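Here is a brief report on a structure with its sequence. Look at the view below before reading on.

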2 protein chains.
Amino acid sequence: MRFKIDREQFLKGLTIASKAIGSKSPIPVMMNVKMVLDEQGLSLIGSNNDLSIKTVVPYKIGERDIIRDAQFGSTLVASRIITEIARRVAGSELSFEIIDDTIAQIGDGRSSFKLNSVRPEEYPEIDLDPTGVQVSLDSKVFIQMIDQTAFAASGKEQRPILTAVNLEASGDYKLIATATDSARLARKEIALPNPAKFVANVPARVLTEISKLLEGEGMVNLSINEKKILVSFNGTIVSSRLINGDYPNTKNIVPRNFNFFLEANSLELIAAMERVSLLSIERENVVKLSMSDFGVEVSSKSAEVGSAVETIGTCQYTGERLEVSFNSDYVMAAIRACQSEDVTMAFLGEMKPFVIKNAKDESQVQLVTPVRTY
Amino acid sequence: MRFKIDREQFLKGLTIASKAIGSKSPIPVMMNVKMVLDEQGLSLIGSNNDLSIKTVVPYKIGERDIIRDAQFGSTLVASRIITEIARRVAGSELSFEIIDDTIAQIGDGRSSFKLNSVRPEEYPEIDLDPTGVQVSLDSKVFIQMIDQTAFAASGKEQRPILTAVNLEASGDYKLIATATDSARLARKEIALPNPAKFVANVPARVLTEISKLLEGEGMVNLSINEKKILVSFNGTIVSSRLINGDYPNTKNIVPRNFNFFLEANSLELIAAMERVSLLSIERENVVKLSMSDFGVEVSSKSAEVGSAVETIGTCQYTGERLEVSFNSDYVMAAIRACQSEDVTMAFLGEMKPFVIKNAKDESQVQLVTPVRTY
């Protein structure tokens, strides 16, 4: 195995593949990146048990040579080290050669590295074949779906199913993504180009990584079977196991009718909550929203330190006098997810879940449960 | 106590004073900043047992009002909270008022905070009077002295004296600063405007903070007695206790004559060491410099991962063939401290301490002890 490669493209590929490689693994060989040079280009494969990524660095991008002087072959090298080498060397092209089956020699003419390499047969078989239901989407639509839901999944492993985003298509032209940590819920509906029927509980953490990798890409293809989801785009395939178990039924959680409505500027609301939450010390991030015909205020207090209050200037409130307390981090995240200049908050009562929405966009729901008012 | 104050200047003062306030303290009242408004301006005082800082926000800067509507008084408020308030509120001016002796009301017309305040009598007396030997210096000279020495002090508390920078003036017109962690040593001599005689072991950590605060200032005044050092400049006084004990005698540690000399470009040498040290895995950061008439190389190796080697292009070596291994972090820090485009490394032998110096600057010495060659 031997080749010369554009350093930047090599680094880009290594960075993508290594996202699936942890900093520790019970199986030492999985700390390596698998490199395969064949007629397609240089495939770089990283994997832990749950997540695998394969990305292909092509021979050419447009007219520009990316890989040259190629002699096919494959090997395993320490992922962290080779990525750091590709990052730090000064030259624009790297040469790579396997010597004696056990040493990878890498250099740019100035620096020269010899890394102990491992024969590719030592690496477990990674199945990246698409099986099951197929769906193609504009990557922008998929990114937005992730960004508007994945943050609301649980970060705690006590109930693993809540660390997933639930993707569900019921045989028609739509896909519904739902995430909840049981104190808040985010839901987004997107249109599918073809009718499809599937349910997949995908780790939210994986989707968030995919959302970053998809930045600036075109179309994305999903393949979903009962065990895993494959997401492929522009030379890269991400495969993630699904989380076992039934996702909780959240269909009837979101109220349909509300009694109280606040329309406000998103940035102003977020800025006020950030300032006021400075005084939420004993009960972390809890703030109170007090609304009436006379005005709208955000406030917080701490027995130990003091209190804070801020009037929301640019807003319109419809309803009786109402006070609702909540985790301001949750509400700020929901406001950001609306991705709009103004948001509407709709309430049923002091202790009932309330929604935050972009009045012009019916495709998503952000729901937050209040906390007891102090 | 009541005043209105320019938010940015208030924040700047709070940020300076709070550098002396830890995130925890066995004495809760020390978590407060002491605020005193009198004819001088607003004094902000922060302290832990070892370090105290007082900074004064003046009534005017040039023609511009910084503090207005002043009613003298003093109080204690939670340092972290008031600093965050000054950072986050949107207005350019803050109002501050003590109500009922126990509440500090702070606002910018939009946000309003009430902080529990503590009466100033609860705060311990902080002695910031200059006593002992007085020295005035250009702050640039003092900053350079710190930057070229403090990094070499020990970060470990086993031998507290080595966490200090030793400042010594022997009654003539010079001040010598020395720092060592026993594996390396940095020394810098600066000229004094008046003859002075003192010894002071100042915590390196404190000097590094002072160096940052001094950025862009004019003259700095030092007052040194047997217990403490006072550093004052432009409305700010920093007082630090000295570290007890005798500083080790390092006068004869630096060799006067050398057998081998390497002149090289500083940036190139640092870049090569950074790359090669990627493979210093089992012995963290150890690299080997191999020098002879045929060329100069930096290399490292790891039994587990592999090896790296890089040729230093732009350099000149004088002497017999020599190989020296060392902690590359130490040598890179010493090269940076030289603050010059080229450096000279001078050696006596494989296992003898060597120096890194700026050939044009006799005022400083950087000494590093080699490690056993593998």
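## Chain A

This is a predicted model. Chain A holds six helices and 28 strands. Its C-alpha trace spans about 80 × 50 × 40 Å along the principal axes.

Of the 374 residues in chain A, 45% are buried. Among contacts in chain A with a separation of 6 or more, 65% link residues 24 or more positions apart.

## Symmetry

Two copies of a chain are related by a rotation about an axis and a shift along it. Here a rotation of 180° superposes chain B on chain A, with 0.0 Å of shift along the axis and an RMSD of 0.0 Å. That is the relation of a two-fold axis.

Which residue of chain B comes closest to the rotation axis? B:Ser23 does, with its C-alpha at 15 Å.

## Interface

In chain B, 26 residues are in contact with 26 residues of chain A. On the chain B side, the elements giving two or more residues are α2 (79–88), β11 (111–116), α5 (266–276) and β23 (306–311). By class, that side has 13 nonpolar, six polar and seven charged residues.

The copies meet through the same surface, because 100% of the interface residues of chain B are also interface residues in chain A.

## Strand pairing across the chains

Strand β23 of chain A (residues 306–311) runs antiparallel to β11(B), and five bridges join them. One residue pair can be named: A:Ala308 has B:Phe113 in β11(B) as its bridge partner.

Technical notes
Residues are numbered from 1 along each chain as its sequence is written. Chains are lettered from A and ligands numbered from 1 in the order in which they are written. This is a predicted model: local features need pLDDT of at least 70, side-chain atom pairs count only at pLDDT 80 or more; totals for chains, interfaces and linings use all residues. Two residues are in contact if their C-beta atoms, placed from the backbone, lie within 7 Å. Helices (H or I, at least four residues) and strands (E, at least two) are DSSP runs, numbered from the N terminus. Ala, Val, Leu, Ile, Met, Phe, Trp, Tyr, Cys and Pro count as nonpolar, Asp, Glu, Lys and Arg as charged, and the others, Gly among them, as polar. Two strands pair if DSSP finds at least two bridges between them. Copies are superposed by least squares on the C-alpha atoms of residues with pLDDT of at least 70 in both. A residue is buried if 20 or more other C-beta atoms lie within 10 Å of its own, exposed if 12 or fewer, and partly exposed in between; C-beta atoms are placed from the backbone.
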